[in-house]
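Please have your viewer ready.

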Amino acid sequence: MIEQWFPNVNWDKMWQATGETLYMSAYSTVFTFIFGIGLGLLLFLTNPGQLWANKITNVFTGAFVNIFRSIPFIILIILLLPLTNLLIGSMRGPNAALPALIIGAAPFYGRMVLIALQEIDKGVIEAARSMGAKTSTIIFKVLLPESMPALVSGITVTSIALVGYTAMAGVIGAGGLGTLAYLEGFQRNRGDVTMMATILVLVIVFIIQFIGDFIVKRLDKR
Amino acid sequence: MIQLTNVHKRFQLNRSEIVAVDDVTLAIEEGEIFGVIGYSGAGKSTLIRLLNGLETPTSGSIMIHGQEMTTLKGSGLRDARQKISMIFQHFNLLWSRTVEENIMFPLEIAGVKKSARKQKVKELIDLVGLTGREQAYPSQLSGGQKQRVGIARALANDPEVLLCDEATSALDPETTNAILDLLTDINERLGLTIVLITHEMHVIRKICHRVAVMEAGKVVEAGNVLDVFQSPQADITKRFISQVTDTGDTDAAMTHLQEESPHGKLIKLAFIGERTEQPVLAELIRKFPIDVNIVQGNISTTRDGAYGTLVLQLVGDVAVIEEAIAFLDANEVKTEVLVHD
């Protein structure tokens, strides 16, 4: 029956494209999580009245985050082509999409991390300081654990956005379901291929959302 | 043990300067429970945070156990803080950790080994009466239980000083009393010095040995709790004391009585310590041919003894009333004639 509805779908190519989309999404999510938390912590801790209060660093980090958050992703990919070439040694393939994906998503996630950290009760940080905790202890034993549900729901949203970005990265020949839908489906006028690629993207998004919600529920003891 | 000398703390806020602590000099003895009372904005929160370096004074000296706190920085300050712990109005527990893990947190900071941590946590949970709740999360506890966790956490590194920042202000009266009993117990058992700030005279009366009254950053009055209760000097102190002695409708009752029998005399008696247990009033009635109306009575117990007030209306011959008042004075009962206009 599926063969009837999707006569033009080449399943080998479809699964390969799905694998590439998953590969790009997973890698970029992991690095976005790490860099985003770094940026968010830097923004939070350099705020006035915080442990590393520093106006200059705060303003510069804030500007960096705002600039990269505002550039439309499709333009960011093109702007970053030279950097990608330098880092990856190629401008094509799933790996070539990663720098643009991470640089596009980390500042976005960094803002979410900042919001999550600002939600933490100031009194808890004060309590940790009153016990003689070092800044590193406060970061790893107070700030991150106390904001973890918000950090996870933030990375869930970001990861879903990244699945969408990987499809756009198709224009630089990154591969994945986006490229497949565009080249094989749209340009050759094969609607069923586009449809199948869309269905698979939706399935990936639903699974990510489900996993994210599940983890948040397990973590949240409030 | 704790000596504050000419401590000032000023905050810069949008070009205007706020004086939070204004030339405070205080000495707190080892092993005592010292209370600081004041309304919000009086500077007491800033004062208590100066003691563990969460705030640094603009000028002045803070000595704790011979250690000058104001010059401590970095690891020296962090080590000192492990011996000066703090509990908070809103408990400030980590919601992501269980009761046991919350109490363990300061031990992790101090680098205590895991087996030793477990043992210490067990002792502390027994001490504060939370046995059986080790694996609960803070969200599953009542306010009083949360504060017990806060106290256990504060005691984990065997501190010498415990700072209480409005520790009972978010609790209902019954739970407040239970927590105050626990603090008294800890003070007596562990010989810990406790410094607490509050806006409730009830807390001072119930557990403090000495008290300082703060207003607009200054300490306006300080001394033994019973002394301050007997003869408050500053107006603000009198207002705080009326928190625990006034019943509110006394004034109305007195005006009413004054109107009913304009010849009578209203007097207020203050009983101190053992005097509260003597039958002075019975003797008064037996000795003098006058009518005695009780308008209002009240006894407050402080740590070091009871303190009571009694408002009486004396009706009868003016000369006899004078004699009666002289009798009361002779019995070491402080008598005050209330003049009503």
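Which residues line the largest cavity? Leu4(B), Leu26(B), Ile28(B), Phe34(B), Val36(B), Leu47(B), Ile48(B), Leu51(B), Val195(B) and Ile197(B) do.

## About the model

This is a predicted model, where local features need pLDDT of at least 70 and side-chain atom pairs count only at pLDDT 80 or more, while totals for chains, interfaces and linings use all residues. Residues are numbered from 1 along each chain as its sequence is written, chains are lettered from A and ligands numbered from 1 in the order in which they are written, and side-chain values use heavy atoms, with hydrogens and water left out.

## The largest cavity

Strand 2 (16-28), strand 3 (33-37), helix 1 (44-51) and strand 8 (193-198) of chain B each give two or more residues to this lining. Helix 1 of chain B provides the largest share, three residues. (Helices, H or I with at least four residues, and strands, E with at least two, are DSSP runs numbered from the N terminus.)

By class, the lining has ten nonpolar, no polar and no charged residues. The space inside is about 60 Å³, and the whole structure has five cavities of 30 Å³ or more. A cavity here is a set of points on a 1 Å grid over the protein atoms alone where a 1.4 Å probe fits but cannot get out, and lining residues have an atom within 4 Å of a point.

## Chain A

Chain A has ten helices and zero strands. Its C-alpha trace spans about 70 × 40 × 25 Å along the principal axes. Of its 222 residues, 47% are buried, meaning under 20% relative accessible area with a 1.4 Å probe and protein chains only.

Notes. 1 Å grid on protein atoms, 1.4 Å probe; cavity = no way out; pocket = protein on both sides within 12 Å on 5 of 7 lines; lining within 4 Å. Points joined across faces, edges and corners; volume = space filled by probe spheres on them. Nonpolar A, V, L, I, M, F, W, Y, C, P; charged D, E, K, R; others polar. Buried < 20%, exposed > 50% of the residue type's maximum accessible area, 1.4 Å probe, protein only.
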